[in-house]
Structure formats: C-alpha cells, structure tokens
Amino acid sequence: MKQSILILIVLTLIVLPMPAIDGEEADAKDNLTMTTKEVLLIYDQLAVDTVYRDNLNTVETLLSALSQTAEIVAIDDYDAGQMSGYQKVIILKNTENVINNPAFMADCQNYSGSLLYIGFVAPGLISGLDSVPISRQMGRTVSVNLNGLASNSIWVDDLRLVDEQPGPGQTAISVGTSVYPFSKTMERLTFVPTLIGDPGFTLGLGETLKDWFGLAATAQMTLLIPDIYPFSDLNMVIETSNAFYANGIPFALGVVPIDDNMDFPAMARFYQVLRYVQSRNGTIIVHRPSPATVSDGNAVLSEKMYAVITKMVENGVYPLGLATGESLFFDEVSNVNPLNLFSSGIILPDSGVTEPGSKETWALRWASLGISLETIAGTSSQNRNFGNYPINTTIIMPLPANEAALAAQLGIINNKWLTLTDYKRLNNYWTIGQNTITSSASGIRVNGLPVSLSYDEEPIEVDYRYQKAPEYSLEKIFTAGNTFLLTVVGIIIVLFIVIVAFSRRVYLNKFRKIAHNEEKNEPVKTSPAQEDNTP
C-alpha cells in the first residue's frame with residue numbers, strides 16, 4: 001500500500017510541472033510576427049534638405065518599436081477611400097506646401113476614426129485643427145519633459161507650440177520659463193505641432209503614440225553592446241562582461257552572424273567567449289546579417305542563417321532576440337525568414353533618408369527603441385533613480401576600446417542609477433530548424449528543457465588541418481605557358497648548338513680541301529744526274 005502511494009506521489013510530481021511548461025510555451029508561441037496592417041501613415045514630402053528629413057523614418061521606427069504595423073503612402077499617391085480601411089490614421093506634414101489631392105482632402109474631412117496629425121497645419125484640411133491656438137517661435141533652445149525625465153538643450157529653428165498649459169503628467173516642452181504641451185488631444189484627433197530629428201522629440205512622440213494606441217503603461221530599459229565579430233577584441237568583451245557582472249548590470253551582446261569557416265578554431269574560441277558572456281549574466285542577440293558576412297539571397301539567407309543559429313545552439317550559445325534597423329520591416333516576411341521567427345528585438349537607428357513610395361511593414365511582438373548612451377547622459381531626472389522612458393528602450397553602448405573607456409561608460413550608468421531589465425527575463429520565443437528556445441523569469445529552455453549557463457572551458461584543437469587552398473585556373477594557364485616557353489627555348493638552344501657544330505665542320509672541311517689542292521698542283525723536281533743520263 002505504501003509503495004502504491006509513493007508511486008502515485010512520484011507520478012504526480014512528474015506530471016504537474018508539464019502543464020506549467022506547456023502553458024509557458026503556449027504563451028510564448030503567441031509572440032509571433034505581426035503582419036495585419038493596423039495604421040495608415042500618410043506623409044506629404046520627405047523634406048530631404050530640411051531639419052525634417054528624418055521625420056518619416058522616426059515615425060516608422062517608433063511604430064516598429066511599439067510593435068505596430070502600418071501601410072505607408074505619400075499624399076500624392078493616396079487613393080480615394082483608402083482611409084476607410086483603417087481605424088487609425090497618421091498624417092505627417094513636413095512642409096507648408098499646398099495639398100493637391102482632392103480625394104485625400106475629402107477623406108480627411110469625412111474620416112471618423114482615430115487621427116494623429118504631426119507637423120505643419122494645412123488650413124481647412126482638418127476642421128478641429130483650425131481652432132487650435134498656435135505659438136510660432138523662431139530659433140529657440142528647448143527641453144522636452146517626459147514625466148520626470150528631461151532632454152535638455154535642444155535647438156529648434158522653427159518651433160510651433162500649442163499655446164496653452166499642459167495637463168498633469170503630460171509630456172511638455174519648456175522654453176525658458178514657459179511650458180507648453182507636447183501634443184493636444186481633442187476627442188478623436190491628436191495634434192503634435194513640432195517634430196524634428198532629435199532623441200528628445202522622438203521619445204516625446206513615442207509617449208504620444210503609446211497613449212494613442214492605448215498600450216500598457218510599463219516600459220523596460222535594456223542595454224546592448226552591438227557589432228561583435230569573431231575578430232573583435234574578445235579580451236575586452238571578457239573584461240567588459242566581468243565589469244558589468246561585478247556591478248550587477250544585466251546586458252546583451254549583439255553578435256554579427258558569419259557563415260564561413262564555422263568549424264575553424266577561431267570560431268570555437270568565439271563560441272567559448274559567448275558562453276562565458278552568458279555565464280556573466282549576459283544575453284546573446286543576433287544582428288540582421290550583412291551581405292558581407294552572410295549570403296543575401298532569399299532562399300540562401302534562410303539556409304545560411306539556419307546553419308549559423310544551429311551551430312550556435314550546438315556550441316551552447318542561445319540567441320534570444322534580433323537586432324536590426326527599421327528597413328528590415330519593409331521586406332516581405334517570407335524574404336527575411338528565419339529572422340521573422342524571433343518574437344522580440346531591438347530596433348537600431350537606420351542611417352539615411354527613408355526611400356519614397358508606398359510600402360507595408362510587419363513587426364515583432366515585443367520590441368524596444370535603440371538610443372545612445374549619450375542620450376542617457378544628456379537626460380536629467382528629478383529623482384535619484386533615473387527611472388524609465390515612456391516606451392521600451394535599449395541603450396546602445398559600443399564595445400569600449402580600453403579600460404579607460406569602460407570606466408567612463410560604467411560611470412555614466414552607475415551615476416544615473418539606471419534600472420535595467422535582464423533581456424533573458426522577457427518572454428522570448430523562437431523556433432528555427434529543430435530547435436525551439438524560450439526564455440522568461442524562470443530561465444532559458446531549449447526544446448522544453450532548462451539549460452545551464454555555467455561556463456565550462458572546452459579544449460580547442462591546436463593542430464587543426466585547414467583545407468588546401470584551391471588551385472585557380474590562371475595558375476594552370478601560367479604553368480602551361482612557362483612549360484611551353486621553356487620547351488621552345490630548349491629546342492632553340494639545341495638547334496643553335498647543332499648549327500654551330502655543323503658550321504664548324506663545314507668551315508674546317510673548306511680549309512682541308514684548299515690544302516689538298518695545293519699538294520696536287522706542286523711541280524715535280526728532276527735531279528741533274530738523271531738529266532745527264534738522257535740518251
């Protein structure tokens with residue numbers, strides 16, 4: 001009887017954890033790529049030669065960082081009735097130019113959904129905007145106040161403000177002693193009068209968008225050291241990991257995937273360093289592959305990236321997210337496989353002006369906006385603890401070049417009293433090939449089984465036999481040419497020797513013939529005695 005009870009208890013203990021694990025993976029599987037278009041973003045011009053040249057890219061990046069998808073179209077390309085398919089529409093007006101699309105103007109006046117208007121007001125376009133009091137000031141230094149955080153000393157050439165007092169806790173713009181609201185909401189309409197390519201204005205718009213979408217109020221801040229290659233300063237990677245671990249700072253390492261020479265000892269050492277980073281509370285993030293490191297064709301990209309990530313997992317390295325620029329989300333989802341299989345990622349700044357034309361985006365289930373460490377340094381906080389920005393952010397901190405640079409970076413982080421989130425504790429999920437990896441507050445699981453992140457150094461093969469360098473066709477051509485030339489020269493030398501020998505013989509024979517002829521022509525001498533005896 002006792003044995004039966006013991007067996008029943010053991011079976012209960014084995015079976016009970018399974019629903020919890022299955023439930024955790026089921027929740028993680030909900031973190032799939034977002035592809036349904038939720039927002040229509042309409043802009044007038046890119047304004048390339050103005051301070052507003054980055055505005056479209058800023059809005060696109062913020063939408064991706066907030067895990068929102070969009071269809072993007074220029075006003076000139078807008079078709080009648082296009083707004084009616086969306087419950088939310090964003091209008092970005094970068095210039096004061098007159099709008100010449102009657103269908104767009106008519107749809108704006110009749111649109112009944114939620115509307116966010118950014119930039120210059122077009123008279124008569126939106127009835128609610130004509131009555132908003134605007135204060136226009138030229139050449140001002142301002143600060144953007146983000147509910148306890150302030151981005152200071154921002155120069156604005158042409159500042160347009162809603163001329164009224166901000167509400168409690170509202171994002172605001174300070175100009176000298178005056179304070180104005182960053183945005184104004186009037187029923188279905190939200191208005192942002194000024195947007196420029198500055199981190200303070202970007203984060204201010206991020207908070208406005210977050211409220212506009214009705215997203216959760218909590219935000220996370222993580223830290224990423226990007227662009228780590230096998231040929232990076234791996235000693236500095238180890239030193240930085242030790243310093244962060246000693247200071248209790250969770251961080252992520254952005255690894256650039258490389259599909260060549262994955263079996264070489266250098267790659268084995270690289271995987272060892274990455275395992276060590278994981279043991280020091282570091283998280284591995286995979287960068288979007290570059291054509292310089294991984295083939296960029298559609299089918300080829302899938303095959304190469306599957307091989308790269310599978311090799312990482314085989315070596316005890318577990319990437320949990322994706323680091324990429326905004327341009328990736330303009331590609332078709334089928335063309336970026338398996339990158340779209342990550343549930344979370346970090347949106348890095350994309351350099352350059354967004355290309356014009358109509359396009360659609362997809363998004364990750366969880367994302368954060370990449371900001372520089374200089375942005376943190378230039379932001380002041382009302383409290384001792386820095387707190388968080390209104391939206392999910394990731395501090396992009398380059399790998400320090402030396403110990404002095406590392407000490408300076410640590411000084412900024414510690415002096416700001418940052419509250420950083422461990423990326424591993426987020427609900428991450430992906431399935432690539434035969435591997436399914438999840439992570440949460442309970443740790444990392446591979447195919448449902450927990451993994452240990454303790455570091456065990458493994459021996460690396462010293463006498464690795466590298467493949468013989470391939471023989472190129474030009475070498476064969478040159479070898480054949482050399483052989484041919486040597487043969488021709490040899491034949492010429494032999495002929496020369498034969499000719500010299502033959503000429504010498506002919507020359508000597510000529511003198512022998514002359515001497516022989518002279519002997520024949522010499523007269524016969526008769527003695528005198530013979531002459532006297534003549535009868």
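**View 1. A closed barrel of 7 strands with parallel pairing, in the order 11-12-13-14-15-17-19.** The model is predicted: local features need pLDDT of at least 70, side-chain atom pairs count only at pLDDT 80 or more, and totals for chains, interfaces and linings use all residues. Residues are numbered from 1 along each chain as its sequence is written, and side-chain values use heavy atoms, with hydrogens and water left out. Strands (E, at least two residues) and helices (H or I, at least four) are DSSP runs numbered from the N terminus, and two strands pair if DSSP finds at least two bridges between them.

**View 2. The pairing of strand 15 with strand 17.** Strand 15 (residues 344-348) and strand 17 (residues 366-372) run parallel and are joined by 4 bridges. Ser-344 stands opposite Trp-366 in strand 17.

**View 3. Two of the 12 aromatic pairs found in the whole structure.** Rings of Phe, Tyr and Trp (its six-membered ring) pair if their centres lie within 6.5 Å; planes under 30 degrees apart count as stacked, over 60 as edge-to-face and the rest as tilted. Tyr-229 and Phe-231 are stacked, at 4.9 Å centre to centre and 20° between the planes. Tyr-229 is partly exposed at 24% relative accessibility, and Phe-231 is exposed at 65% (buried means under 20% relative accessible area, exposed over 50%, partly exposed in between; 1.4 Å probe, protein chains only). Trp-366 and Tyr-423 are edge-to-face, at 5.9 Å and 90°. This pair links distant parts of the chain, 57 residues apart: Trp-366 lies in strand 17, and Tyr-423 in the loop between helix 10 (403-415) and strand 20 (428-432). Both Trp-366 and Tyr-423 are buried.

**View 4. Lys-88 over Trp-212 and Arg-160 over Phe-120.** A charge sits over a ring if NZ of Lys or CZ of Arg is within 6 Å of the ring centre and within 35 degrees of the ring normal. Lys-88 lies over the face of Trp-212, 4.6 Å from the ring centre. For Arg-160, the charged end is 3.8 Å from the centre of the Phe-120 ring.

**View 5. Residues 484-503, a "transmembrane region" according to an unreviewed UniProt entry.** UniProt positions are given in the numbering used here, feature names are shortened, and annotations may be inferred rather than shown by experiment. The chain over residues 484-503 is 100% helix and 0% strand, with its end C-alpha atoms 28 Å apart.
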